[in-house]
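Dear colleague,

The structure you asked about is below. My notes on it follow.

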Amino acid sequence: MLALVIFTGSMYLGAKDNEKQVAAFSEVGTDLEGVSVIGEQGLLAIADAQAAKLMTAQIVEEETWEQQGQDQKEEQGGTEVGMNLTSIQKDLKIKFVNKKTDRLVANLAFEVEIKKPSGETYTKKDDDKDGIIYQTDMEPGKYKVKIIAPQSDDAYQITTEEMTITVRDKIEYKKVDVADEVKTEAQVNVAVEDTKVNETVVESTNTDTVEWVESTKTLIEGTEKNEDSYEEVDKSKIADPGQKSAIGFRLLTATEPQEEESTPVPTEEPAPAPTEEPTAAPTEEPTAEPTAEPTAEPTAKPTEAPTAAPTATVAPVPTATPAATAAPTATVTPKASASPKASASPTASASAKPSMSPSAKPSPTANAAKNDTTSNLKTTDGALLYVMNADGTFREAKYADYYNTDIKKFYRKNTKTTGEYRYTGWQQIDGVTYFFDKNGNKVTGEQVIQGAKYKFNSDGSLNTGSGHLGIDVSKWNGSIDWNAVKNSGVSYVIIRCGYRGSTTGALIEDPTFRTNIKGASGAGLKVGIYFFTQAVNEVEAVEEASMVLGLIKGYNISYPVFLDVESSGGRADGIDASTRTAVCRAFCQTIQNSGYKSGIYANKTWLNEKMDAPGLSGYKIWLAQYAAAPTYSRTKYDMWQYSSKGAVTGIKGNVDMNISYMGY
């Protein structure tokens, strides 16, 4: 029993010591905040470069972990399995899904009974166990479907409810539910699925008249000045200082809970008597007393650590080591003992319950805060607050101001450093686009920059009649600084949201889509979308459009949604021009029927030879031709991708460059 008590006491003292160490490290962290590091910018640049290379791999790895986590949840048992049924044109797709996650349930031998419109029934099995049974060339009409195998068990609760589906005769070009079929790259073999081949060749180039330089904005030394502005803060974001004070008071005056247990009385008195009498009670300085004498200081929980033999120890409960330990200073504010005199016996002080007199004197009530005109009022996140004086100037807000009914508004101060700037590269200033050469001068007149011709007005502003500069991106562009892209003169971005696999035909989301669309939208760029198709018929094209519509829901899409039609070495390369044209039309019409603009992306060769481009003139045409000027003339084109080797601030490596003639 004695050993147990000794162990418990040592654990308590160790925990107290750890608390002090943690607090010390916390203070160090606070002190280091805002301290700059020599070579910091270089280190950040290296880190950014490494992050760009690893970003896609990390995202896929995260998706893998997420997938494994979802699989583990399903393996825990009791998964409720239902069916999702869809039909686009004379087809029926039966999907077996987890009702909670709406994900396909694979690796089970599902079998269904299907009742035709005529009343005849037959059965179908999910032979490849991919969670889908798909039938084509079906007679239009109402069908009834129910699961007949496998039976429910401890792992899966399988519904036997009969469901009805109408098999459609004609395509309606409306969104269907394919969310349960969309896969992440963690679920597929990317090497054989994402295989786009860029066959657009560089035909000719313009010679640059102005050297491209990175977009920079540098404050000219000596011109800087600070401008303060005040932003109103909702009172719900301001902590009630009265409650804050009361909480602080309760925390500082709280006594530590003590167990009701008798204190062991030492069998012999501690040998050394105190050389001077301690004061009857500690003052507001809790650490000033005790000294190294044994009776001056009980620990916060004096009853927990009696030890073998009382020698000249600090605590009233003797320890094996007579040296003055950290225990006396570790306690907060004990009253010295029940008998403050220098007594040889520690018994009384050992059983004392320290009252923890606070070292500070916090306001114990809200009334004190109401009269406090010295403490600064702050937001819940620690920002200093201000109030407006009658003359329109501002002063720091105090606790008392919070309760002053005459003060209706509180403000946060924002300080902005302004002055004259030196610019280089593409810049967007007050909504107008300029290009500054390496010397910081605005260019004017007709200029060729990165192989593209532009016309600039006499004041240096870009003539919008020469088109709007934009880019298109996907996972291959890595991590992107969207604010830097916006400031470089780019006005829009076309973002890949996904693709159909070249081998299996799976619908797969681009792993950077969500990050890119949030970043670009947040930076104020106009956003369009593209999807790389591998559809081999109109039904698959409607599925692709449906996937896109599901992904972009809730985002502001101001540019068209494009179908990327080009070579992959995969399943769709071999379809004829007529089928490819039908695929393009089915995708675009489904997108437009949902309220978005739509279009086709292809290079000059594919537009001329691989599809009936004039038959698609009702949609936007995005031409890829790497030449000094476009020579494609079969139809109009609304956007021109003139290079795949552009450079834009905020993106590491090459990026596709585009000029839009759509007027926005």
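On one side of helix 10, K518 and G522 are exposed, meaning over 50% relative accessible area, where buried is under 20% and partly exposed lies in between (1.4 Å probe, protein chains only). The buried residues of this helix, which spans residues 513-522, are F513, N516, I517 and A520. These four sit on the same side of helix 10, because they cover an arc of only 95° around the axis; the arc is taken from the directions from the helix axis to the C-beta atoms. They pack against several elements, including strand 19 (492-500), strand 21 (526-532) and helix 11 (538-552). After helix 10 comes G524, with a positive phi near 90°.

This is a predicted model, in which local features need pLDDT of at least 70 and side-chain atom pairs count only at pLDDT 80 or more, while totals for chains, interfaces and linings use all residues. Residues are numbered from 1 along each chain as its sequence is written, and side-chain values use heavy atoms, without hydrogens and water.

The protein chain has 13 helices and 26 strands, which are DSSP runs (helices H or I, at least four residues; strands E, at least two) numbered from the N terminus. Of its 664 residues, 43% are buried.

E566 is in the loop between strand 22 (561-564) and helix 12 (577-592). E566 counts as buried because its relative accessibility is 6%. Leaving aside residues up to four places away in sequence, E566 touches K196, V197, N198, F532, Q534, D573, Y601 and W606, a contact being heavy atoms within 4.5 Å.

Regards
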